[in-house]
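Subject: Handing over a structure

Dear colleague,

I am passing a structure on to you, with the sequence and the coordinates placed just below. After them you will find some notes on what turned up when I went through it.

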Amino acid sequence: MLYRLDDIHKAYGPHEVLAGATWQHNPGERVGLVGRNGAGKTTLFRLLLGLEEADRGTIIKANGVTFGHLSQHLNTSPETPLFDFVLSAFDKVLRIEGKMRDIEHRLADTTGSEHDRLLAKYSELQHEYEHENGYTVHAEVERVLTGVGFAKEDWPRPVGEMSGGQQNRGMLARLLLSNADVLLLDEPTNHLDLRGIEFLEEFLSSFKGSFLLVSHDRTFLNRTVDRIVELAHGELVVYHGNYDRFVAQRAERMERMRVEFERQQEMVERTEDFIRRNIAGQKTKQAQSRRKMLDRLDELERPESDETLAKFRLDAGPRSTAIALTADRLDSGYPGRAVVRGFSATMRRSERYAIMGPNGSGKSTLLKTLAGRLAPLSGDVRLGANVLIGYYDQSLGDLTPSKQVLDEVWDLDHGQSEEAVRNYLARFSFFGDDVFKKVAALSGGEKGRLALAKIMHAGGNVLLLDEPTNHLDVYTREALEEALEQFSGALVVVSHDRYFVDRVAQHIILVEDGEAEIHPGNYTEVRERLATPAPAPAPPVPSVQKSKPSAEPQPRAQLDRQDKRERDRRVRKLEGEISQVETLIAGLESEKEKHDLALCSEEVWRDGEKTRIVKAEIADIKKQLDALYTRWDRLAAEKDEAAG
């Protein structure tokens, strides 16, 4: 056991967040924590970290267990270089290294027994340094900084000069390299682009420790966790498997609970009817006996149904022409700086596109230009007849902070009654006095729902949505996906939510290095196609030979695709491990080169003891290199075998 929550209760005023939460986290378990926004996930983290206390119940922690988490503030001087900040995760290694450097300086000024004592101490520290993998820590820092999206030129920059998003990525890199027993990861994919998210997936897949992960990224959950804990109605329910397994198991559990509850209710009604008819008749004793049975009955609770979940409906309005939107040799950007160049596309009514690419590649800029919010630098955007644009701004700039929730929608059409507006807002989970809140006081998720309510109310047969799932919990994302699947108009969406894109997109616009290319298919299909070399063209079939339809049944074809996906996933995992080993080898080769140069220096070769120490270090490095090269050969062979 790492820790256990036992009947935890926590309330803020009249609002009870945790109501008897009980769960045990065991070593090696990789857990995803899911629940509605405001369900209490962050509160649970704060209780585990000791930042808050439960109103009732106990939290039992294993002796000496340590938690690593992302702080809201940098715990270092603003002048600290990024590389040094992340390297400080290896505080034990750095302390040992400092002691070794100190002894190296002192050795030059000592002789006799003191010299021998220092050498013995140095040897002891060196052994400890090797045990803590001290020779590889710099390479590990480089690997993780690159993985979360930092260019090499960013490494020496002071963290205080960096943006909030960059600082968060720096803190994530440091956290991943910490030696904590349990990582508490609250939305770790925020501020990462797709490459960074995929690196984090690979890192956590090979992570030897345990973690508790809060994320609304369902693909990320599918690829990293082996169980899901759902926080709902103040309680914790455990499901084994990834997110997709959770969805299936949860549906089965709720249906089973509904059937059992209804059966018990029917039995209770029949029994109560028997008691009413026979309590004063000849069967009085039987009636009394059945009354006692009902008194002892362990009543089942009605399965909780959350009526506050969002229920979206999208009305495409008037039918547009077949060609809804055309971009012709479009340059998008700002005066003097084109971000996307030469983009052309013809988007038909009811077609769905997702714009994807690295952070800063120009995805949002391109979408704003298509929406008419930003003038083209050159080329043009033409809309078909009867086209009405609905635009969702990820910065939520279309909301007025001083307005009430009610007025944001009511101001769109004052012909509605207040009751009609309130009923409409209820579909977006705004109930009761929620509608009188100021926009400035709303959470990120509430602002996102309100912005969606506005564009859905205004209507539009071409929707241009910029990161619409940001701040939305998994349940609200699913409601939005269902609405978009039923939407009959055209859709262009910027999103890094791969699960969302797989459900709603038919084409992917990949934006990178100023270019935007259109690929047919959803995210998974395009990614697999781009990762797989094109097959060689088949030899021509003689004209006398008629082609035959494949006799292979569809289920077999599906199995083949699944096998291919598994092979590709295995190859990618091995490539990641090979890259990691190559980074470690490069670091050790560099370390060996420094030692070889030191061995040639006059200071060392004139001192027999120093020569012995350096040679011993070189021997140790060679030993580590031999092991790494052996591992590289094994991984390369496994990759070749997996690739077929």
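I begin with helix 3, whose buried residues are Val93, Ile96, Glu97, Met100, Ile103 and Leu107; buried here means under 20% relative accessible area, with exposed meaning over 50% and partly exposed in between, for a 1.4 Å probe and protein chains only. Because these residues cover an arc of only 125° around the axis, they lie on the same side of helix 3, the arc being that of the directions from the helix axis to the C-beta atoms. Helix 4 (112-131) and helix 5 (137-147) are among what covers them, where contact means heavy atoms within 4.5 Å. Helix 3 itself spans residues 91-107, and its 17 residues reach 24 Å from the first C-alpha to the last, close to the 24 Å expected at 1.5 Å a residue; that expected span is 1.5 Å times one less than the number of residues. Helices (H or I, at least four residues) and strands (E, at least two) are DSSP runs, numbered from the N terminus.

Before going further, please keep in mind that this is a predicted model, in which local features need pLDDT of at least 70 and side-chain atom pairs count only at pLDDT 80 or more, while totals for chains, interfaces and linings use all residues. Residues are numbered from 1 along each chain as its sequence is written, and side-chain values use heavy atoms, with hydrogens and water left out.

Turning to the strands, there is an open sheet of three, in the order 2-1-4 and with antiparallel pairing, where two strands pair if DSSP finds at least two bridges between them. Its edge strands, each pairing on one side only, are strand 2 (15-25) and strand 4 (56-61), and the twist averages 20° from one strand to the next. Strand 1 (residues 3-12) is joined to strand 2 by eight bridges, the two running antiparallel, and Tyr12 stands opposite His15 in strand 2. Helix 1 (residues 41-48) packs on this sheet, touching strand 1, strand 2 and strand 4, and its direction makes about 120° with that of strand 1; axes are lines fitted to C-alpha atoms, for helices over the stretch in contact, and angles run from 0 to 180 degrees between N-to-C directions.

Strand 3 (residues 30-34) is mostly covered, with five of its five residues buried. In a regular strand the side chains alternate between the two faces of the sheet. From strand 3, Arg30, Gly32 and Val34 point one way, and Val31 and Leu33 the other way. Four bridges join strand 3 to strand 7 (residues 210-214), running parallel, with Leu33 opposite Val214; four bridges also join strand 3 to strand 8 (residues 227-232), again parallel, with Val31 opposite Arg227.

Finally, Phe246, found in helix 9 (residues 243-278), is buried, with a relative accessible area of 2%. Leaving aside neighbours within four places in sequence, Phe246 is in contact with Val34, Ile228, Glu230, Tyr239 and Tyr475.

With best wishes
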